[in-house]
Amino acid sequence: QVQLVESGGGLVQPGGSLRLSCAASGSIFSINAMGWYRQAPGKQRELVARITNSGSTNYADSVKGRFTISRDNAENTVYLQMNSLKPEDTAVYYCNVAVMSGPPYRYLELWGQGTLVTVSS
């Protein structure tokens with residue numbers, strides 16, 4: 001069994017910064033891609049950023065140059081550093097992790113519980 005625990009959301013003023021964390025724990029053999037998605041009220045969930053186990057990254061156009069995704073493989077943790085936040089970044093942010101658990105080996109795609117980020121003055 002594998003669990004994800006997110007932390008780091010909150011209320012921040014426009015132009016401010018926040019850092020989100022998502023830690024995986026349990027019966028983990030290996031972790032492949034890790035990513036962050038977000039869902040604003042009335043909108044579909046969208047990819048924010050993703051990082052592979054080799055460190056390759058991709059970002060949504062709306063966050064390029066402002067957000068940075070990183071991972072600590074020793075701690076099975078993915079981070080999202082968010083700078084120059086805008087009101088339109090307000091959403092619930094979810095981490096997404098592709099895990100090989102076990103043994104016995106089993107591929108899992110897991111979602112975090114979500115953390116609310118509110119950007120407002």
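Predicted model: local features only at pLDDT ≥ 70, side-chain atom pairs only at ≥ 80, totals over all residues.
**Open sheet**

Strands β1, β3, β8 and β7 make up, in that order, an open sheet of four strands with antiparallel pairing. The edge positions are taken by β1 (2-7) and β7 (67-72); each has a single partner strand, so one side of each is left without a neighbour in the sheet. From one strand to the next, the twist averages 15°. Within this sheet, β7 is joined to strand β8 (residues 77-82) by six bridges. Asp 72 faces Thr 77 of β8, the two residues standing opposite each other.

**Disulfide**

The structure contains one disulfide. The disulfide is formed by Cys 22 and Cys 95, whose sulfur atoms lie 2.1 Å apart. The link between Cys 22 and Cys 95 is right-handed, with 45° about the S-S bond. Cys 22 belongs to strand β3 (residues 18-26) and Cys 95 to strand β9 (residues 91-101), so the pair ties together parts that are 73 residues apart in sequence. Cys 22 is buried, at a relative accessible area of 0%, and Cys 95 is likewise buried, at 0%.

**Hairpins**

Strand β4 (residues 28-39) and β5 run antiparallel and are joined by five bridges. Across this pairing, Tyr 37 is found opposite Leu 47 in β5. Strand β5 also pairs with β6 in the antiparallel sense, over three bridges. Here Ile 51 has Thr 57, in β6, as its bridge partner. In each of the two hairpins, a glycine between the strands is listed below with its phi value.

| Hairpin | Residues between the strands | Glycine with positive phi | Phi |
|---|---|---|---|
| β4 and β5 | six residues | Gly 42 | near 75° |
| β5 and β6 | five residues | Gly 55 | near 95° |

**Thr 52**

The loop between β5 (46-51) and β6 (57-59) includes Thr 52. Thr 52 has a relative accessible area of 18% and counts as buried because this value falls under the 20% limit. The side chain of Thr 52 makes a polar contact of 3.0 Å with the side chain of Ser 54. When neighbours within four places in sequence are left aside, Thr 52 is in contact with Asn 32, Ala 33 and Arg 71. Of the strands described above, β4 covers residues 28-39, and β7 covers residues 67-72.

Methods. Residues numbered from 1 in each chain as written. Heavy atoms only, no water. Buried < 20%, exposed > 50% of the residue type's maximum accessible area, 1.4 Å probe, protein only. Polar contact = N/O pair within 3.5 Å; in protein donor to acceptor, adjacent residues only side chain to side chain. Contact = heavy atoms within 4.5 Å. Disulfide = S-S within 2.5 Å. Pairing = 2+ DSSP bridges. Axes fitted to C-alpha atoms, helices over the stretch in contact; angles between N-to-C directions.
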